[in-house]
Amino acid sequence: MEDTFRWAFIGTGNLATRAARLITSSGRHRIVSVFTRDPAKCNMFAKEYDAYAADNAKDAIDRMDVDAVYVATPHTSHYEYAKLAIELGKPVLCEKPVCTDAGMVKDLIQLSHEKNIYFTEAMWTWFSPVSWQVKHWLDTGEFGEVKKVHVTYCMHSIASSPRLIDPNLAGGALLDIGIYPLTYIYRLFGMPDKIECKGRVKKGIDTGEKIRLYYPGNKVYTVSVSIVNPLGRENLWLYGTEGKLHLRGYYRASEAKLIRRHGMSQTFHGDGNILHEFDVVAREIRQGLSESEYVPHQATLDVMKLMDECRKQMNLVYPFETKA
């Protein structure tokens with residue numbers, strides 16, 4: 001790559017911390033400024049990466065030495081920070097989900113188009129070569145007629161973070177982890193004709209869902225999500241008349257094996273590390289793109305619409321959505 005790519009980090013939680021370690025250790029990326037609402041955490045993070053600890057988001061973003069902004073706060077504040085960065089003319093890599101409803105996603109996409117500023121969802125699964133290889137196998141008929149698809153993301157994570165159980169922060173399973181299997185099926189097969197969602201809602205958050213996506217030809221693909229029951233783990237099963245695939249940890253996978261019914265099986269290896277996402281985004285920004293070729297705006301918007309529909313069917317409304 002060219003000179004070190006320079007980031008403003010908005011948020012210093014677990015995901016931001018993991019990303020920071022990976023990207024800075026590569027030597028290809030540097031964090032030059034940081035903001036989080038907790039001054040002590042902000043200063044500690046800034047000291048570790050020799051970055052500027054800003055008192056507010058604008059000061060972290062609006063600097064000559066910032067090439068792009070990484071937003072990794074709770075998703076209820078993604079819209080605020082992503083919009084600010086775009087308005088200040090800075091490219092944005094925003095953690096998933098980029099907003100809590102499709103209307104806000106549409107607003108950010110429109111703003112990025114108007115300003116001609118790069119904006120993309122940090123759906124690292126689809127910056128990964130493995131996901132694209134699975135799609136290539138599907139598109140070239142390696143699976144034959146697809147008969148069954150089931151994708152899971154199940155864990156006992158409800159006690160791992162206060163954010164997960166806070167309805168004011170849009171906690172729960174769907175937006176936090178359900179987005180992964182829904183995105184995977186969408187990216188392989190497109191928008192379904194219909195979606196059905198049966199979920200468990202308690203104390204203002206969803207603890208899990210069973211989702212059915214209906215496609216032409218009487219195809220029904222299924223998703224299981226839970227933050228209270230690890231049964232099922234993180235798996236993708238795809239069965240066709242000519243081939244099949246079982247992909248463990250599909251959202252971060254570095255290997256996929258196509259098992260053909262006739263002929264030799266094939267194993268594909270590719271970098272599933274989150275560093276790859278940052279490398280791709282830096283390259284696309286330097287190329288002058290305003291939309292990622294790996295995670296297009298329409299994919300982000302469509303998946304958000306699917307999650308909106310799931311919430312509607314579960315009657316899941318967050319407290320901040322009822323305020324006038």
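**A friendly note on the pocket and the salt bridges**

1. Let's start with the lining of the largest pocket: its residues divide into 19 nonpolar, 14 polar and 9 charged. Here Ala, Val, Leu, Ile, Met, Phe, Trp, Tyr, Cys and Pro count as nonpolar, Asp, Glu, Lys and Arg as charged, and the others, Gly among them, as polar.

2. Before you go on, please note that this is a predicted model, in which local features need pLDDT of at least 70 and side-chain atom pairs count only at pLDDT 80 or more, while totals for chains, interfaces and linings use all residues. Residues are numbered from 1 along each chain as its sequence is written, and side-chain values use heavy atoms, with hydrogens and water left out.

3. Back to the largest pocket, which is lined by 42 residues, with G13, N14, L15, A72 and R163 nearest its centre. A pocket is an open set of points on a 1 Å grid over the protein atoms alone, where a 1.4 Å probe fits and protein lies on both sides within 12 Å along at least five of seven lines; lining residues have an atom within 4 Å of a point. Its volume is about 1400 Å³, meaning the space filled by probe spheres set on the points, which are joined across faces, edges and corners.

4. Which helices supply at least two residues each to this lining? They include α1 (14-25), α2 (39-48), α4 (78-87) and α7. Helices (H or I, at least four residues) and strands (E, at least two) are DSSP runs, numbered from the N terminus.

5. Now for the salt bridges, of which the structure holds 13. Each is a side-chain nitrogen of Lys or Arg within 4 Å of a carboxyl oxygen of Asp or Glu. One of them joins D176 and R163 (3.1 Å, N to O). D176 sits in helix α7 (residues 173-189) and R163 in the loop between β7 and α7, 13 residues apart. D176 is buried at 13% relative accessible area, whereas R163 is partly exposed at 23%. Buried means under 20%, exposed over 50%, and partly exposed in between (1.4 Å probe, protein chains only).

6. K219 and E145 also meet in a salt bridge, at 2.8 Å from N to O. K219 belongs to strand β10 (residues 219-226) and E145 to the loop between α6 (129-139) and β7 (146-154), so the pair ties together parts 74 residues apart in sequence. K219 is buried, at 16%, while E145 is partly exposed, at 41%.

7. Finally, look at R63 and D65, whose closest N and O atoms are 2.8 Å apart in a salt bridge. R63 is partly exposed, at 24%, and D65 is partly exposed, at 22%.
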